[in-house]
Every structure is written in C-alpha cells, then in structure tokens.
Amino acid sequence: MSDATVDPSRRTWLALTAGVGAVGGVATAVPFVASFAPSERAKAAGAPVRVDISTLQPGEKLTVEWRGKPVWIMRRTPEQLASLEKVEGDLADPNSDRTQYPTPDYAKNRHRSIKEEVLVAVGICSHLGCSPIDKFQPGAQPSLPDNWPGGFLCPCHGSTFDFAGRVFSNKPAPDNLEVPPHIYLSDTELLIGEDKQA
Ligand code: FES
C-alpha cells in the first residue's frame, strides 16, 4: 500500500469526529436534563456556522465543522478556475445533475459556487466517506495521471475530484462532493448550513 493510505488529514478528521461522538455519549447519559432543555452543545451541533473569509488568500483552503462534517472553503486562483473547463470531458457529472447529493441551484454552474472563486463543499468522498486530500499541484505525480490538472484525491480507493469537487469518470466515487446550503452574510462572511436570510 502507498503512503496515501495513512493520510494524516483523514486521521485528524476521524480523531475529531471521535471526540464529538464521545461528548454526545456523555450528553445522553443525563436524559432528563436533555429532554427539558437541549444542551448548548447539541444546538451547536446542528446550527449554521459563520465563517470569516476575509483573510483567505487565492489558493488557500480552510476547513470548518458543520453537523459533524468537514466543510471546505477554498479561494481558487484564476489558473485553478481555468482548469474547470478543460477537464469537463473527463468528469462523471460535469453539470451536477445527479440527485444523490443535490447541488443547490445557486451552485449548479461550472464552478459550483455562488462567488466564482470561492468553493464551499463538504470534504467527504461519495464512495465510502473518506476525506479527500489536497492535490493542488498540477502535473504527473504518484497516484495521479500524468495530465493531472490539480484538485483533490481520495486516498482510500483513488477517486479524484476537480477544483469544483466534481468527480472524475471511472472512479469508485459515484458523485460529486456535496455543496452544503450556504449564503453570504456580507462580502467576507459566510453562513454554512442555511441559504435563506432570517
Ligand atoms: S472512500 Fe473515496 S474512493 Fe473510496
């Protein structure tokens, strides 16, 4: 097996998830309290997440947790955006038409996002749930094709995704990465988990 099978980002995510699960177990040990007033932690687990992206630079990606899932927010460079058109012939679902993880209407476009440069996607592979790793550098490299355009690689079984989270054809993952509901509260602040203003 290659080094990719012990991807540290996946390990980190699994560790975080395990931590959340352990806390949930403690909460359910006091059911009477919980039944009268949902804990702040329980509310937080399903609540929308506000994210300041004002310092996110082109080519950078940050990860936040929403409903126990890693949500990626990435500001793509002009070169990364340009690659999205070039790869479309090699994608399984370039227009995000599949309905297993319905893509919100506002992200049913080539860049799968509201603002062209800012990707918001759940970082969980649609095959068996591993978290893909960043493979932003284009070109030949281990585990990737020689004409690799840059994107994400799922180390578990080799599925690859472009910079919009669209899965390449003939890979184990059946679907593109999920785009969660989200909305811009301002030019630099995102709300993940809701797409309507209160
Ligand atoms: S979980 Fe991603 S390829 Fe299998």
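Strand 3 (residues 69–75) is largely enclosed by the rest of the structure, because 6 of its 7 residues are buried. Buried means under 20% relative accessible area, exposed means over 50%, and partly exposed lies in between (1.4 Å probe, protein chains only). The model is predicted: local features need pLDDT of at least 70, side-chain atom pairs count only at pLDDT 80 or more, and totals for chains, interfaces and linings use all residues. Residues are numbered from 1 along each chain as its sequence is written, and side-chain values use heavy atoms, with hydrogens and water left out.

Strands are DSSP runs (E, at least two residues), as are helices (H or I, at least four), and both are numbered from the N terminus. Two strands pair if DSSP finds at least two bridges between them. Strand 2 (residues 61–66) runs antiparallel to strand 3 and is joined to it by 6 bridges. In this pairing, E65 has P70 of strand 3 as its bridge partner. The two strands form a hairpin with 2 residues between them. In the turn, R67 has a positive phi of about 50 degrees. Strand 4 (residues 118–122) is also antiparallel to strand 3, with 5 bridges. Here W72 is bridged to A121 of strand 4.

A separate description applies to strands 1, 9 and 8. These 3 strands form an open sheet in the order 1-9-8, with antiparallel pairing. Strand 1 (49–52) and strand 8 (182–186) are the edge strands, each pairing on one side only. Strand 8 pairs with strand 9 (residues 189–192) over 4 bridges in the antiparallel sense. Y184 has L190 of strand 9 as its bridge partner.

Helix 4 (residues 78–86) has Q80, L81, S83 and L84 buried. Seen down the helix axis, the buried residues fall within an arc of 150 degrees, so they line one face of helix 4. The arc is that of the directions from the helix axis to the C-beta atoms. P78, E79, E85 and K86 are exposed on the other side of helix 4.

The whole structure was also searched for cavities. A cavity is a set of points, on a 1 Å grid over the protein atoms alone, where a 1.4 Å probe fits but cannot get out; lining residues have an atom within 4 Å of a point. The search finds 1 cavity of 30 Å³ or more. The largest cavity has a volume of about 40 Å³, volume being the space filled by probe spheres set on the points. Its lining includes D93, R98, Y101 and D175.

Definitions and conventions
On a 1 Å grid over the protein atoms alone, a cavity is a set of points where a 1.4 Å probe fits but cannot get out, and a pocket is an open set with protein on both sides within 12 Å along at least five of seven lines; lining residues have an atom within 4 Å of a point.
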